[in-house]
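Subject: Structure handover

Hello,

Here is the structure I promised to pass on. My notes follow below it.

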Amino acid sequence: MKIIVKSITAHAKWAWKTTTNDICGICRLDFEACCPDCLYPGQTCQIVEGACGHIFHVHCIDKWLNSENSQNLCPMDRLAWKKLQ
Ligand SMILES: [Zn+2]
Ligand SMILES: [Zn+2]
Ligand SMILES: [Zn+2]
């Protein structure tokens with residue numbers, strides 16, 4: 001007799017602990033992909049988590065923080081941005 005389990009698939013494939021969705025709030029791209037600035041082969045796009053729990057590509061949040069209207073705030077909730085790692 002053969003039992004085929006169909007429901008337990010790739011659930012824990014990419015388990016970021018705090019986020020409820022797995023796209024970058026700035027560029028809206030998946031964390032498994034890299035940010036729009038990192039489309040070159042072999043380049044890795046790191047991911048950073050803030051104290052507020054939001055996660056972004058490092059290049060996206062850097063770009064945001066360098067922009068004048070960021071005021072060093074998280075773009076999602078406007079809390080002071082502080083990198084966790
Ligand atoms: Zn991004
Ligand atoms: Zn990047
Ligand atoms: Zn935030």
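The protein has one helix and two strands. Along the sequence they come in the pattern β-β-α. Please keep in mind that this is a predicted model. Of the 85 residues in the protein, 28% are buried. Take the contacts between residues at least 6 apart in sequence: 45% of them join residues at least 24 apart.

**Zinc ion (ligand 1)**

Four residues coordinate this ion: Cys-24 (SG), Cys-27 (SG), His-57 (ND1) and Cys-60 (SG). The distances run from 2.0 to 2.3 Å. Along the chain, the donors are spaced C-x2-C-x29-H-x2-C. What is the arrangement of the four donor atoms around the zinc ion (ligand 1)? It is tetrahedral, because the donors subtend angles of 100 to 118°. As a reference point, the ideal angle for four tetrahedral donors is 109.5 degrees.

Cys-24 is buried, with a relative accessible area of 0%. Cys-27 has a relative accessibility of 19%. The cut-off for buried is under 20%, so Cys-27 still counts as buried.

**Zinc ion (ligand 2)**

Here the donors are Cys-35 (SG), Cys-38 (SG), Cys-45 (SG) and His-59 (ND1). They sit at 1.9 to 2.3 Å from the ion. The spacing along the chain is C-x2-C-x6-C-x13-H. This site is tetrahedral as well, with angles of 91 to 122° among its four donor atoms. Cys-35 and Cys-45 both lie in the segment before β1, and the pair ties together parts that are ten residues apart in sequence. Both Cys-35 and Cys-45 are buried.

**Helix α1**

The helix spans 58–66. Which residues of α1 are buried? They are Val-58, Cys-60, Ile-61 and Trp-64. These residues cover an arc of only 165° around the axis, so they are on the same side of α1. They pack against β1 (47–49) and β2 (55–57).

**Salt bridge**

How many salt bridges does the structure hold? There is one. It joins the side chains of Asp-37 and Lys-63, at 3.0 Å from N to O. The pair links distant parts of the chain. Asp-37 is in the segment before β1, Lys-63 is in helix α1, and 26 residues separate them. In general, side chains of opposite charge can pair when their charged atoms come close. Asp-37 is partly exposed, at 38% relative accessibility.

**The segment after α1**

- Ser-70 is in the segment after α1. Is it buried or exposed? It is buried, with a relative accessible area of 1%. A polar atom of the Ser-70 side chain lies 3.3 Å from the backbone oxygen of Trp-64. The backbone oxygen of Ser-67 lies 3.2 Å from a polar atom of that side chain. Neighbours within four places in sequence aside, Ser-70 is in contact with Trp-64 and Leu-65.
- Not counting residues up to four places away in sequence, Met-76 touches Gly-25, His-54 and Phe-56. Met-76 and Ile-55 are 21 residues apart in sequence, and their C-alpha atoms are 9.8 Å apart in space.
- Leu-84 is placed in the segment after α1 too. Which residues does Leu-84 contact, leaving aside its neighbours within four places in sequence? They are Glu-49, Gly-50 and Ala-51. Leu-84 and Ala-51 are 33 residues apart in sequence, yet 5.6 Å apart in space, C-alpha to C-alpha.

Best wishes

Key:
Residues numbered from 1 in each chain as written. Chains lettered and ligands numbered in written order. Predicted model: local features only at pLDDT ≥ 70, side-chain atom pairs only at ≥ 80, totals over all residues. Heavy atoms only, no water. Helix = DSSP H or I, 4+ residues; strand = E, 2+ residues; numbered from the N terminus. Contact = heavy atoms within 4.5 Å. Buried < 20%, exposed > 50% of the residue type's maximum accessible area, 1.4 Å probe, protein only. Polar contact = N/O pair within 3.5 Å; in protein donor to acceptor, adjacent residues only side chain to side chain. Donors = N, O, S within 2.8 Å, 3.2 Å for Na, K, Ca; no water. Tetrahedral: all angles 85-135°; square planar, octahedral: opposite > 155°, others 65-115°. Arc of directions from axis to C-beta. Salt bridge = Lys/Arg side-chain N within 4 Å of Asp/Glu carboxyl O.
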